[in-house]
Amino acid sequence: MDTSVENGSITRSDIPLRVISSSPEAILKAKKRTRLSFRQIRTETIFKKTLMIMGLIMIILVLGILLTLIVQSLPSIKALGPSYLWGKVWNPVSDVYGAWPFLLGTLLTSFLALAISIPFSISVAIFLGEYHPQGWLPNLLKDTVELIAAVPSVIYGFWGLAVLVPIVRDLETHIGVEPVGVGIFSSSLILAIMIIPYAASLGRSMINMVPSHLKEAAYALGATRWEVIRSVILPYTKSGLFAGILLSLGRALGETMAVTMVIGNTSLIPKNIFSPGNTMASVIANEFTEADKPVYLSALIELGLVLFLVTVVINMIGKKIIDRVTND
Amino acid sequence: MNIESVKFRLGKSSGFQILIYTLAFACVIPLLFILGYILEAGITKINWHFLVNIPKPVGESGGGIANALLGSVLIIAVASVIAIPIGIMAGIYLSENKKSRLAYWCRLSTDILQGVPSIVIGIVIYFWLVRPLGFSALAGSVALAIMMLPIIVRSTEETLKLLPDSLKEAGLALGLPFHRVIFKVILPVGVGGILSGVMLSIARITGETAPLLFTAFGNPYLSVNMTKPMQSLPLLIYNYATSPYTDWLNLAWGASVVLLLWVLFLNIFTKIITRKWKVQL
């Protein structure tokens, strides 16, 4: 190739020509090469399409779950109407379905569990985020708390049945309520242990993100450690902590096995926090395979639909808050 | 400012510090209690016969959990075979298309799927697979695979997002086709993060009971047929733990120890991977 500069612009005087030999072998070779590169392009397109389809599968799965739940609970929505949600009696034998005992049971267990676990999870978050972000003991605590989330829920349930229920029964005898042991209080205790890690680990990362100049400014004004936590760290991280608590709540609402094993499984409205009851998840686990009538089955699925919607909304609000906090 | 009020404030500060220390370490106590109790109650039940025999009927002592062990391994293996390719590819898709509308909806779906209660997944799979085909281990595997997916997708995406773009651009500039860049450059570099996501998801589903209740259903006999009901460890624990017979309770305690050790091992292994490859999950 030979380039020359004329009038300040580069022109090519001699463009190398590609000579295609007309011999049969050479044509064959060229054809092969073309086919190969076409095949490569095709593979690439197929690969990109496959990736997209895999992404689509996630969307289809969620839509499929939602649609299945809605379609399968249509018979009960049609037959029972919205009053299903606040009907106080659940008696499949005489075809009376009211979800209120289970809604109440779910709300009671979840919020009681949340109330018990919040002081602990916030303390872990403050300890790991502010007092001791590094060192072997904090690391050990962090790993151990994360391990709480790893233990299978059926094992929590089994332990609860064998150890916690007798203890609660003793307690109930002492304070003079009917000593059944199983019930809302026992399941709340188990749940409270199980949901500590969720709020704790999120809270820790939020507290880690507090800018140090804010804390240093407070110290420079003469604030004590507690005053810094109280009036700098907690206000700064309050939405993050709230999001962590929401995620814990979502976990508690959907938790099935541990609760099913220790809540006592009665469809009566719980009289107090010590009486046995049922949550939405536990009643599904117990009665789904026994449901012999279409409306009965459909009523159970409607519970599942309600559970699905509630947990999705709670989780989404939590995620939105986290996104907003971490993007700032 | 008098010295008394300063002292009071300092005292209050250390008081709260002690309170927070106490509460933080109090969290560990129930876990230690549970682990200790399960190990103490179950470790004596485990021996060779326990691992290779199937449960005996009520009234006969002895028997083991071989059917549940094998069932758990099979169900989890099939679930992984389903979920790992889909999850990793969806993760790659998300990291390659950060801004597209489909990616936004895909990300949203992953978040939603992560929060879906496991029992709801059980119900849905019941209608998708059990109604037409009957209770089967395969249905259980699909249910567990759906629970694995969001974890794998998120960890793959987060890992690949951290890789520098120059890595991919260098490969493409050399004339490598896109899929070879992904398989030969991007995935080998991100393997640590992806692997720990996969391990985490397996650890998560190993103890899941609720989605198996209406799908794999449980089976008192040894079975390797994926199209028939199959026992799994968590199902066995749930069924036998709520039974009144001592022999069955003993089986459940032994099975709990096996399950617990299995899950703890997976978690510790994941921790080691995460530390070694310095992955941020």
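Me: Which helices do the buried residues of H9(A) pack against?
Reply: Quick caveat: this is a predicted model, where local features need pLDDT of at least 70, side-chain atom pairs count only at pLDDT 80 or more, and totals for chains, interfaces and linings use all residues. Residues are numbered from 1 along each chain as its sequence is written, with chains lettered from A and ligands numbered from 1 in the order in which they are written. Helices (H or I, at least four residues) and strands (E, at least two) are DSSP runs, numbered from the N terminus, and a contact means C-beta atoms, placed from the backbone, within 7 Å. The partners are H2 (100-131), H7 (225-254), H8 (257-262) and H10 (294-327) of chain A, plus H6 (118-133) and H10 (210-213) of chain B.

Me: Which residues of H9(A) are the buried ones?
Reply: Buried means 20 or more other C-beta atoms within 10 Å of a residue's own; exposed means 12 or fewer, and partly exposed is in between, with C-beta atoms placed from the backbone. H9(A), residues 280-287, is mostly covered, with six of its eight residues buried. Those are Met280(A), Ala281(A), Ser282(A), Val283(A), Ile284(A) and Ala285(A).

Me: How many residues of chain B are in contact with chain A?
Reply: On the chain A side, 66 residues take part, and H1(A), residues 24-80, gives the most to that side with 19. By class, the chain A side has 43 nonpolar, 17 polar and six charged residues. Here Ala, Val, Leu, Ile, Met, Phe, Trp, Tyr, Cys and Pro count as nonpolar, Asp, Glu, Lys and Arg as charged, and the others, Gly among them, as polar. From chain B, the count is 69 residues.

Me: Are H6(A) and H7(A) roughly parallel or roughly antiparallel?
Reply: H6(A), residues 212-220, packs on H7(A) at about 160°, with the axes 10 Å apart. Axes are lines fitted to C-alpha atoms, for helices over the stretch in contact, and angles run from 0 to 180 degrees between N-to-C directions. Angles under 35 degrees count as roughly parallel, over 145 as roughly antiparallel, 65 to 115 as roughly perpendicular and the rest as oblique. So H6(A) and H7(A) come out roughly antiparallel.

Me: Which residues make the contact of H6(A) with H7(A)?
Reply: By class, that contact has six nonpolar, no polar and one charged residues. H7(A) brings Val228(A), Val232(A) and Tyr236(A). H6(A) supplies Leu214(A), Lys215(A), Ala218(A) and Tyr219(A).

Me: At what angle do H7(B) and H9(B) pack?
Reply: H7(B) covers residues 137-162 and H9(B) residues 178-206, and their axes are 8 Å apart. The two helices are therefore roughly antiparallel. Their packing angle is about 150°.

Me: What is the radius of gyration of chain A?
Reply: Chain A has 10 helices and two strands, and its C-alpha atoms fill a box of roughly 105 × 70 × 35 Å along the principal axes. The radius is taken over C-alpha atoms, and the globule rule is 2.2 Å times the number of residues to the power 0.38. For 328 residues that rule gives 20 Å, and chain A is well over it, so it is more spread out than a compact globule, at 31 Å.

Me: And what is the radius of gyration of chain B?
Reply: Chain B comes to 12 helices and zero strands. The globule rule gives 19 Å for its 281 residues, and chain B is well over that, so it is more spread out than a compact globule, at 24 Å.

Note on methods. Contact = placed C-beta atoms within 7 Å.
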